[in-house]
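Hi,

Here is the structure I promised to pass on. My notes follow below it.

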Amino acid sequence: MNPIDLSDRTGILPCQSIEVLIAGGAIATDTSFDFDQVQPASLDLRLSDQAWRVRASFLPGQRLVADRIADVAMHAIDLSGGYVLEKGCVYIARLQERLSLPPGLIARANPKSSTGRVDVFVRLLTDRGASFDDVAAGYEGPLYLEIAPQTFSILVRPGTRLNQLRLKAGEPPKLETRSVGVDLQGGDIVGFRGRRHAGVVDLDHIDGHDPRDFWEPLSLRRGELLLDPGEFYILASSDDVEIPVNQAAEMTPIDPSVGEFRVHYAGFFDPGFGTDEAHGAGSKGVLEVRTHDTPFLLEHGQIVARLVYEPLTERPTRLYGEGGSHYQRQGLKLSKHFKPW
C-alpha cells in the first residue's frame, strides 16, 4: 500500500490525492474504476448488482450492515439487468467501492446533484457506523447505500452513480459560511414542481426525458411562492455561487428557526464551480426544496440555506467543469436526465 502522508496537512483531499489512495489500495472496487469517476475533490460511488427492498431504514450500531439487512429485508434484488426502484419504498444497495482508510483520514458522503434534483433521498451506510454519510478514520470495509425515491420511480443498474465521497485529513476549519437566498425574480418561470404521477426516470439516460412529462413550471403571484406540504420543488439561488480553486463547499440543511422545509439534498460544490478560471462565472446554486407539514410562503431573496467553505490540502490538478459539466454556468436547471425546457 502507498499511503498519503497526512501528518502536516488538514483539509479536503483533491483529485490527485484520491488517485494515490486508489493506486495504493485504500479505495478498491469490484470492477475497474471509470475514467471520470474521480472529481476535483470527490469520488463518485457506483451501485453493484446487489440490492434489497427493506421495510425500514436503520443504522447498524455495533453490527455489520449485512447482518442488519437480514433483519429488515423483504426480498433481494438483482440489479444486473436494470431494475425500477419505486417511489415511496426504501432500498439498500451494496456499492462497488470499499475502503481501507489510513489513520487520520475520514470521509463524508452526499448525494450527487443529479440525484437530489430528481428527489431521490440517499444515505451512505458503513459497518458499525453511528451515523449516516460519515465514515470513521481508519474504516476498513464495504459501503452500502440507502435509497428512497420520493417523487419519481427510478431505473438503476450496476454502475449507476447516486452519491459521492469526500475525503478529509483531520478536521478542516470552516473558512466561511455564506447565506443562500432564493431567486423568485428570474423570469417567467421561477421554479419547477414535480408531477406526482409521472413515469420512470432512467438515471443513466442523459437528455432522455421530456421535462413536461415530469415537471410543472411555476410563476409568481403577488411576488410570493407558496410551497405545499409534501411537494418537491426545484428553485435557484438569488446570488451567484463561486467556489475558489483551493476550497470546496457544502450546502448545509436549513435551520428550523428559518422555515420548516428541507433545502438541497445534494450538498457538495467542487473547487472551481462558478469561477472565471474554470469558465463558470455566473453559476447559480440549484435548490431542491421539500416542505414538511405546513404550507410555507417564500419571498425573493429569503434565506433558505447556508454554504460552508473548507480548505483543500492542496490545489487540485483539475477544476470543476474542465472536462465538461451539465451544471457549470447554470441558472434554474433541471437534472441532466431531462431535455432543455
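In which sense do strands β9 and β11 pair, and over how many bridges? Strand β9 (residues 120-126) pairs with β11 in the antiparallel sense, over seven bridges. Within that pairing, Phe121 stands opposite Ala148 of β11. Bear in mind throughout that this is a predicted model.

β11 has another partner. Strand β7 (residues 90-100) runs antiparallel to β11, and seven bridges join them. Here Arg94 stands opposite Tyr144 of β11.

How many of the 10 residues of β11 are buried? Nine are, so strand β11 (residues 140-149) is largely enclosed by the rest of the structure.

Next, helix α2 (residues 65-72). Its buried residues include Val65, Arg68, Ile69 and Val72. These four cover an arc of only 105° around the axis, which puts them on the same side of α2.

What covers the buried residues of α2? The cover includes β4 (42-54) and β5 (73-78). It also includes β7, β9 and β11.

Last, the cysteines. A search of the whole structure finds zero disulfides. Cys15 is buried, with a relative accessible area of 0%. Cys89 has a relative accessible area of 13%. Buried means under 20%, so Cys89 counts as buried too.

Best wishes

Terms used:
Residues are numbered from 1 along each chain as its sequence is written. This is a predicted model: local features need pLDDT of at least 70, side-chain atom pairs count only at pLDDT 80 or more; totals for chains, interfaces and linings use all residues. Side-chain values use heavy atoms; hydrogens and water are left out. Buried means under 20% relative accessible area, exposed over 50%, partly exposed in between (1.4 Å probe, protein chains only). Helices (H or I, at least four residues) and strands (E, at least two) are DSSP runs, numbered from the N terminus. Two strands pair if DSSP finds at least two bridges between them. The arc is that of the directions from the helix axis to the C-beta atoms. Contact means heavy atoms within 4.5 Å. A disulfide is a pair of cysteine sulfur atoms within 2.5 Å.
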